[in-house]
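Dear colleague,

Here is the structure for your files. My notes follow below it.

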Amino acid sequence: MKQDNHSLSHKKFLKKYKINQVLIFVAQLFLLIFILAGWELLTKYEIIDAFIFSSPSRIIKTIGTLYNSGDLFYHIQTTLLEALIGFLLATFLGILFAVVLWWNNALKKITDPYLVVLNSLPKIALGPILIVWFGANTNAIIAMAVLIVIIITILNMLNAYLLTDNDKILLLKSMGASKWQILTKLILPGAMPKFVNTLKINVGLTWVGVIMGEYLVSRAGLGYLIIYGGQVFKLDLVMTSTVILCSLAGLMYGLVGLIEKKLVKHY
Amino acid sequence: MAILKLQNVSLTYHSLLGETTALKNISFSVDEGEFIGIVGPSGCGKTTILSLISGLLKPSSGSILIDEEPVVKTSDKTGYMFQKDHLFEWRNIINNILLGLEIKKQKNGRIFAEELINKYGLTDFKKHYPSELSGGMRQRVALIRTLTLNPKILLLDEPFSALDYQTRLEVCDDVSNIIKQEKKTTILVTHDIAEAISLSDRILILSARPAVIKKIITVPFSKEKTLLKKREHKDFRVLFENIYQELKNEAR
């Protein structure tokens, strides 16, 4: 309910709420500054070894070096592209499979044990197979990301579809709805909150898949930089890539958050 | 003139636990414009009767005729209203009401829908979402959604039982007024005896499973104008007691 002429006590309540929000944000900001400053100072006064722990200033310097050599965006682009393709492909295919399994009950029952086993299998174990099948290239990395994301997408979305209120289905049937109409008018829009949830989970899992894939095969990308940095003991490079990875993952998550606001306004 | 006829309808369904006969030799007929209440012990198959009439289920034996035509699948002739309103939260009110037309791909029903919306005071809520409406208002929207397809027979499956007592009385009045104004033949399943008496012209009492019709009672004061008058009628208590005893015997 919208109301413009608030009472005094309500104004106070609103003000208190706003102040609280600001305080939380400030605290979050301070925590970040505290960590960065602490890290910097500890390395500066050599309480911890900057060669092993790196430091904010060394990270910024490394970013500068990477930028000047033109490597920065090359590696970011490589990884980001893999992540985006993996994310979209896995989400799309996962939902497609979930819909097919919802549609065909027999198929659902037949495939059930296979999905359970695939879900509990650590996908990294399939790494060598993926390399042999797809080659030691980007395709294998995307395949790894898809493999990790798709199973949980299928299970999550199928579960959401099956939880649809049976009376709602009967209501549509009593109106003479076809199975396709039940799917498009009820099952899919009804599972929208779960869909957005799945997107959020998928963002995280996609990054796991992509970085793992890059550990295995790549010659470029942030995962490659991390592995390479570790092997030649350039911890600055490892930390820098990790920080960039954090920002990218955060950004993608934020994007999903925006989509959520649009899609699940009325649920 | 009977609009609906059930002749020796039986229904048996199968589960891993065995065979269950839900209904046995159910026969009755309903005249056009009549309001029929069905009461019975819980789990006796009241809802099953509505599912059969709507064509959602097929009887194991016997026949169901609407306008002398056998029911073989769901059709426009019946409109089903459930215990919960089942409005789709992601659609605004007007789009919820137009759901049936959308399913049937009927473009020309829109004018009739708008008429109903205006007539029953939903104009201002057209763009609202279900979560912004009260329970009583939501049930009214559900009724208008059902009426939009212009069914000959309304099937109400305990449509008030999910509401709190106060709202329940209000919505009961509301729905009964709208149904009367639209002159719909109605079959109401309920476990609330008072509700059945105050709404119905005749009441069917079912036995415990396998359900047979135990008794059909005509409500003598069903022509009274308002529900309140019916509830205050001197014979109300007697009738209530009668039905209550019948059901009590069944429960044992």
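With which residue does Lys185(A) form a salt bridge? The partner is Glu102(B), and the closest N and O atoms of the pair are 2.7 Å apart. Please keep in mind that this is a predicted model.

The rule finds two salt bridges across the interface of chain A and chain B. Five residue pairs in polar contact are also found across that interface, both residues of each pair being at pLDDT 80 or more. On the side of chain A that touches chain B, the elements giving two or more residues are helix H8 (166–174) and helix H9 (179–190) of chain A. H8(A) gives the most to that side, with seven residues.

As for the extent of the interface, 18 residues from chain A and 22 residues from chain B take part in the contact. About 1,900 Å² is buried between chain A and chain B, and 67% of this is on carbon and sulfur atoms. Within chain A, the residues that lose the most area to chain B are Met175(A), Lys185(A) and His266(A); together they account for 35% of what that side buries.

There is also a surface feature to report in chain A. A nonpolar patch is formed on the surface by Val22(A), Phe25(A), Val26(A), Leu29(A), Phe30(A) and Ile33(A), which together have about 580 Å² of accessible area. Val26(A) counts as partly exposed because its relative accessibility is 34%, and partly exposed covers the range between under 20% for buried and over 50% for exposed.

Regards

Terms used: Residues numbered from 1 in each chain as written. Chains lettered and ligands numbered in written order. Predicted model: local features only at pLDDT ≥ 70, side-chain atom pairs only at ≥ 80, totals over all residues. Heavy atoms only, no water. Patch = residues over 30% accessible without salt bridge, like charges linked within 9 Å, V, L, I, M, F, W, Y side chains within 5 Å. Areas by Shrake-Rupley, 256 points an atom, 1.4 Å probe, with all protein chains shown as cover. Salt bridge = Lys/Arg side-chain N within 4 Å of Asp/Glu carboxyl O. Buried < 20%, exposed > 50% of the residue type's maximum accessible area, 1.4 Å probe, protein only. Contact = heavy atoms within 4.5 Å. Buried area = accessible area lost by both parts, 1.4 Å probe. Polar contact = N/O pair within 3.5 Å; in protein donor to acceptor, adjacent residues only side chain to side chain. Helix = DSSP H or I, 4+ residues; strand = E, 2+ residues; numbered from the N terminus.
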